[in-house]
Amino acid sequence: MPAQEFDWNDLKLLTTLHQAGSLSATAQQLQVDVSTISRRLAAAEQRLHSTLFIRTPKGYQATELGLAFMQQAQPITQQVQQLLESTQQQAQAVQGTVRITAVDFIFSSWLGRELAAFQQQHPQLCLELINADRDLSFSHSETDLAIRFARPQQDAALFMRKVGELGLAVYAAPQFADLTPQQWAEQPWLSYTQALAHVPEMRWLAQHYPKASICLKSCHLPTLLQACQQGLGLALLPCMLAEQAGLKRLSPMPVLQREIWLLSHRQIGQIQRFETVYRWLLQLFTDYAEQLRGTPPSVVD
C-alpha cells in the first residue's frame, strides 16, 4: 500500500486504543464517539491489509502484527507530540529575533532611546533594526515589522495600521530666527536629491518655492540636519528631530504632515514575540503622538 493512502490521523487513534484497551476509553480521550473509533479502526486495518487488534473479554488487544506496528508507531507519535508542544512553547515565548525596518532617523533619533527599557523587560528578545526605505516582503520573511511614512500597496500577507502623523516645519539655525515667511524665498535652502523628488517634502518645496536657491542636496536626513545647524540654509525637517537638535522653527505650525503606518504580517498575533514588539511600538506611537505631530506645547495645552 502506498504510504500516501494511509490516514496519518489514525496513528494517534491506534496508539491510544493500544494504551486504553477499549473503544469507549479511546473515544473519551480523543473526544469523539465510539462509532467513529470503530469505523476508523476498521478503515485503517483495511488500508493496511492487516488485523491489528482482536476483541477479547478484557478489551481490545494488539495482535502480533499490531504489536510490531505499535513498537514503531509509539515513538513517532511521541515525537510528533513533542514537536507540537515545542512549537507552541516557542510561539508563546517572548524570545528570539524580531526584525523592524524603518528609515534610519527613526532608529537613531527616536526608537533607539527606548530600547534599553524594553530590553530590560524582555532580555531574551533580540531586535534587528534594518535601515531601509524600500518595501520589504512579508511573504518572503524579509522583515517582521515595518514603519513607513505612506500607505503601502495592498498585500495579501500584509496587515497595516495608521499609528500617527509626522509633522514637518521650516527650520533654520538660531541666528535666522527673525526671518519672516516673506524672506524665505530669498534664503538658500537644503533639500533632498532628485532621486527623492517624489516625496512630499520635495513636492512642497517645489510648489511653494519653485525658484529656491538650493545650496546643498542630500538623500541623508542627518546630513541635512547638520547642515541646517551650521547655518547653510533653511530646511523642511521633522519637528521632533529638528527641535532635539536645537534648531529654530520658523513656521509656527507644521506645514506638512506625513502619515505613519505600522506594517506587519497578518498572522502576527500567533507568535508572542512579534505581538509583544508590535504592542510596544503601538504604545510608543501613542506616547509620542504630539511630539511626532510637531504640535507646539502651547497648542497642546
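**Notebook: pockets, a cavity and a few residues**

I began with the second largest pocket, where helix 4 gives the most to the lining, with six residues. I'm keeping in mind that this is a predicted model.

How much space lies in the second largest pocket? I find about 310 Å³. Its lining is made of 14 residues, and K12, T15, T77, Q78 and Q81 are the closest to the centre. I also looked up which helices take part: helix 1, helix 2 (23-30) and helix 4 (64-92) each supply at least two residues of this lining. By class, I noted eight polar, five nonpolar and one charged residues in the lining of the second largest pocket.

Next entry: T16. I located T16 in helix 1, which covers residues 9-20. Is T16 buried or exposed? T16 has a relative accessible area of 5%, so I put it down as buried, because the cut-off for buried is under 20%. I then followed the side chain of T16 and saw that it reaches the backbone oxygen of K12 at 2.6 Å. Setting aside neighbours within four places in sequence, I have T16 in contact with T26, Q29 and L30.

Then I went through the cysteines. How many disulfides does a search of the whole structure find? My note says zero. C126 comes out at 41% relative accessibility, so I wrote it down as partly exposed. C219 has a relative accessible area of 55%, so this one goes down as exposed, because exposed means over 50%.

Last entry: cavities. I count one cavity of 30 Å³ or more. I have the volume of the largest cavity as about 80 Å³. Which residues line the largest cavity? My list reads W189, L190, S191, Y192, E201, M202, L205, L224, A235 and L236. Strand 7 (188-191), helix 7 (200-208) and strand 9 (235-238) are the elements that give two or more residues to this lining. Sorting the lining of the largest cavity by class, I get eight nonpolar, one polar and one charged.

To recap for my own use, I have the second largest pocket with eight polar residues in its lining, and the largest cavity with eight nonpolar ones. I also have T16 as a buried residue, with its side chain reaching the backbone oxygen of K12.

Terms used
Residues numbered from 1 in each chain as written. Predicted model: local features only at pLDDT ≥ 70, side-chain atom pairs only at ≥ 80, totals over all residues. Heavy atoms only, no water. Helix = DSSP H or I, 4+ residues; strand = E, 2+ residues; numbered from the N terminus. Buried < 20%, exposed > 50% of the residue type's maximum accessible area, 1.4 Å probe, protein only. Polar contact = N/O pair within 3.5 Å; in protein donor to acceptor, adjacent residues only side chain to side chain. Contact = heavy atoms within 4.5 Å. 1 Å grid on protein atoms, 1.4 Å probe; cavity = no way out; pocket = protein on both sides within 12 Å on 5 of 7 lines; lining within 4 Å. Points joined across faces, edges and corners; volume = space filled by probe spheres on them. Nonpolar A, V, L, I, M, F, W, Y, C, P; charged D, E, K, R; others polar. Disulfide = S-S within 2.5 Å.
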